[in-house]
Amino acid sequence: MAVLAIALLAVPRYGQAQQADLSQQLQLFNSMTPEQQQAILQRLGGGTALGGTGIGGLGGLGTGSSLLGGGITNRSQSALLQQMQLQQQRRLAATLQGQTELPVFKPGDTVLVEVSLLHEKPANNNNQNNQNVQENQNAPPGQNVPTGNPNAISISPTLLSNSQLSLLGLDNGMNGQRVQEQPQRTIEELQAEEKQKLEDMIEQIRARNPYQLDSNGQLQLPGIPGMELAGLTEDLATRRVAAEPAFEKLLIKLTRLPLDKSGKDALKPFGYELFDNSLLSLMPMLDTPVPGDYLMGPGDVLQVQLFGSQNQTMTLVVGRDGHLSFPQLGPIEVGGQRYSAVKSDIESRVARQMIGVRANVTMGETRTINIFVLGSAKYPGSYTVSGLATVTTALFAAGGVQPIGSLRTVQVKRQGETVRTFDLYDLLMRGDSANDIKLLPGDVVFIPPVGPTVALDGEVQRPAIYELKDRDTVANLIQMGGGLTPNADDGSAALLRVNAQQQRIVMDVNPSTPLGASLPLRNGDALHVARLRPQLDSGVILQGYVYRSKYVAWHDGLRISDVIPSIDELKRDADQHYLLIRRELPPNRTIAVLSANLAAALQAPGTPADLQLLPRDTITVFDLQTSREHVIQSLMSELRLQSNLGQPTEIVHVDGRVKVPGDYPLETGMRVSDLIRAGGSLDPAAYGIHAELSRFTVENGGQRDTQVISIDLAAIRRGDPGADIPLQAFDRLSIKQVSGWTEQDQVTLKGEVRFPGTYTIQPGETLHSVVDRAGGLTEFAFVEGSVFTRRELKVREQEQLDRLAGRLRTEIAEVALMGVRAQQGSAPSAISVGETLLHQLTDAKAVGRLVIDLKAVLRTMPGSSDDVILRNGDELIVPKKRQEVMVLGEVQDPTSHLYKRRMTRDDYIDQSGGPTRQADRRHIYVVRADGSVDSGARGWFHGGDSVDMRPGDAIVVPLNTERLPALTVWSAVTQILYNLAIAAAEVHATIP
């Protein structure tokens, strides 16, 4: 699709004899769907300028009518279309050049300089660029290599000049290649003094980062002469700087930072962007109504309809002599006459000379005229435009005005005389097109150099650089900028000016006064309109846990109850007893912090509890659920900044059993009860009789001492003012907890108990006691297979599993490394087995089983040595009676078998198909139903038959890890996995 777009808009070489068939190209473009047209424009960087979806905005011409308007066949329309094609080719060439050129340094660019000693290894950010260079170098001639940019366009080298090919990297010379990063060199032995000098230079260069190129495009580094970098890419600039002798033993890299300019540097000349993507002005005006003052000339076409005694339609063309050949009336002179006069003259002649016939005269196709656009036009020259063209049409045809050209004194010259001066500001700012006159053949639109300019920035609607005319004043400039913004300080502006002594000075200007508004401006002036101060000058702010944060107008006597007239203004769970007030005290804006009890203020409005507010007070309402740190810490930072030796940071602290412990600002006259109120009041678990206050004092400027003061909370709660002592800076109040206060502990009984469920336990209660409370076990209970789990054990087991998984990963990596070095054939199989075990280990979940003898527990008295002291979260699962024996591990068919009294361990293994080749026959063990492990007797005359098998047992045949490379944890991993599988099976089998 991109290739199609380039074919439509291909840039021809100057002097090329053959032009592409524009009609066919435009018809092809119009036959596409809007989505296809939009995709082409996006690939070309054209976007949807002027609201259209076609080429440069052509799609906005309407749906249902083709771009060619139903067929353009005469020479006038062909000339217009060729003119339109030329303009689009110019824009496309500029777009392609902007897309394909590598970014280069320009004056004013920001540069990041990275420098280090050669033996250091700075981050390499050019790997991708170097890779693209290598690909471009290896590509066949004339073929482009994709760069990874999804918006890149495949461009034929024949469409671009040699300079463009050089910038694109399509030529065979060095200009098109990106410079490789400096090769890494080994640093020589440096004397300590020389190395120190280099490190000092590196420190100086890094300290001044980032740098900015001066107006000449030079980079000024400390102690290094200015180096010109304008026009160079990052790689070429890096090579240029590295060529300096001072950097011979240093590694340096330059990076261009594409920072957006701000303030005065970001200002652009006003109005010149009007001519960007302006193809619509060149379209043939086929359906535009012709005004009555249009002057007829050679090439104009009139449509004459005769009706009455004759019915006929004629198309009459004005000849070169200005005459119109009317068959029945003869030649009629119309050249240089207005269209309205010609229309009336022909219609009246027909009525007089042709009896019984009337005529209706309309304008057909208009002629084209040749005009000149000269001066500071973007593309000066001769242009063919429509006979209806105006000054703006000519400017659009010439690509607009260069930034060095004037927008305010565009001249129309006719036969050597200036017939009209057009100020584009009138059109852009006021929509006044009175001076946008229609052009005549041979007219010259001349754009003189730009006149005096001034810069306008700050709090104005349209910051820009404006051209002056006729001694414009400050008021005129602000009006050109669209006026002031709502946040502008209309009484404060700064005018930067170069005086007669060539000194830059600043003048205070008050645009709101007649004297300031009428101040004449000079070339090079810069006016900055200041912004109003952001702080509130007279008012109170309410914020925090309220339904409506708001500003409240301040007046003398304003109180808390006026700002918050009802509790309904607060959200649910808001702290009604502690409102924090930040206050700025005049004259030096010292920060002070106060608190208020809203509940008390609403109960007694106008009393001292209802605090009187001052301007700029900020009231914050807290909730009782979350921390207040985000607000408190901000205030603490402000208080620390204004503290000193004589006035320490006024902070107090409360911890223990309060709802919101933490640091709080010390208020004037603050007492223990106020600090408890700041902490959200006492917690239900608080010991309400006694508390401790730690106070830090410095005696005679010496060592800091700590004093512990006993606080009678009961007396404070009764309202005893003597017990409620005043606080000092750094006091810490500790609220104790009621002895024995804990959350209610619970355990769960499941399975074959008479009343399964969750039971609340007392501290020190045992398992036997809770089982008795649950009615004991049923007659179907399998006591030997009971599973007892504990939360703490589950957490520790999971931690051990995670550590074991980490060790297993390490050993797998070591096996792989040793296998590569020793070329062991068994290494791949060992790694495969290890990875399988690791996957199973990471998926395994800890159970937290504690092996107990439930039969012994229930056989003794509650609280005996065999009994289990319960903890919160313990769980007992008693399964139904079991009749099976489980066989798992390295056997042919891991399964469960019906228990038979005379069968031995090996008999059950044989029923599962016997051990596999990977089985470890010497380490087979049995996991009993209660979780204990029996590995069998050891000796010459004992074997697997000596193990007494019971219902619910599990036989584990482990993996023989001795056949694999020596791994210390593999055997332990397999055993843990088997045990976890057995415990999990017991738990899940019991849960219904």
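Student: What is the relative accessible area of Arg256?

Tutor: This is a predicted model: local features need pLDDT of at least 70, side-chain atom pairs count only at pLDDT 80 or more, and totals for chains, interfaces and linings use all residues. Residues are numbered from 1 along each chain as its sequence is written, and side-chain values use heavy atoms, leaving out hydrogens and water. Buried means under 20% relative accessible area, exposed over 50%, and partly exposed in between, with a 1.4 Å probe and protein chains only. Arg256 is partly exposed, its value being 21%.

Student: How many residues apart are Arg256 and Asp109, which form a pair?

Tutor: Their side chains meet in a salt bridge of 3.1 Å, N to O. Arg256 is in strand 5 (residues 250-257) and Asp109 in the loop between helix 4 (75-100) and strand 1 (110-117), so that distant parts of the chain are linked, with a separation of 147 residues. A salt bridge here is a side-chain nitrogen of Lys or Arg within 4 Å of a carboxyl oxygen of Asp or Glu. Helices (H or I, at least four residues) and strands (E, at least two) are DSSP runs numbered from the N terminus.

Student: In the open sheet with order 22-21-25-23-24, which strands stand at the edges?

Tutor: This sheet has five strands and mixed pairing, where two strands pair if DSSP finds at least two bridges between them. Two of the strands have a single partner each, so one side of each is left without a neighbour in the sheet: strand 22 (550-552) and strand 24 (590-596).

Student: Which strands of this sheet does helix 16 touch?

Tutor: Strand 21 (residues 540-544) pairs with strand 22 in the antiparallel sense over three bridges, and Val540 stands opposite Val552 in strand 22. Helix 16 (residues 629-641) packs on the sheet, its direction making about 25 degrees with that of strand 23. Axes are lines fitted to C-alpha atoms, for helices over the stretch in contact, and angles run from 0 to 180 degrees between N-to-C directions. With contact meaning heavy atoms within 4.5 Å, helix 16 touches strand 23 (574-585), strand 24 and strand 25 (618-623).

Student: Where does Pro587, joined to Pro586 by a cis peptide bond, lie?

Tutor: Most residues other than glycine have a negative phi, and most peptide bonds are trans. The bond between Pro586 and Pro587 is cis, with omega about 5 degrees. The place of Pro587 is the loop between strand 23 and strand 24.

Student: What is the relative accessibility of Gln502?

Tutor: Gln502 is not a glycine, yet its phi is positive, about 60 degrees. Gln502 lies in the loop between strand 18 (488-498) and strand 19 (504-509). The residue counts as exposed, at 65%.

Student: With which residue does the side chain of Thr390 make a polar contact?

Tutor: Thr390 lies in the loop between strand 12 and helix 10 and is buried, with a relative accessible area of 13%. A polar contact is a pair of N or O atoms within 3.5 Å; within protein, one must be able to donate a hydrogen and the other to accept it, and residues adjacent in sequence count only if both atoms are side-chain atoms. At 3.2 Å, the side chain of Thr390 is joined to that of Asp436.
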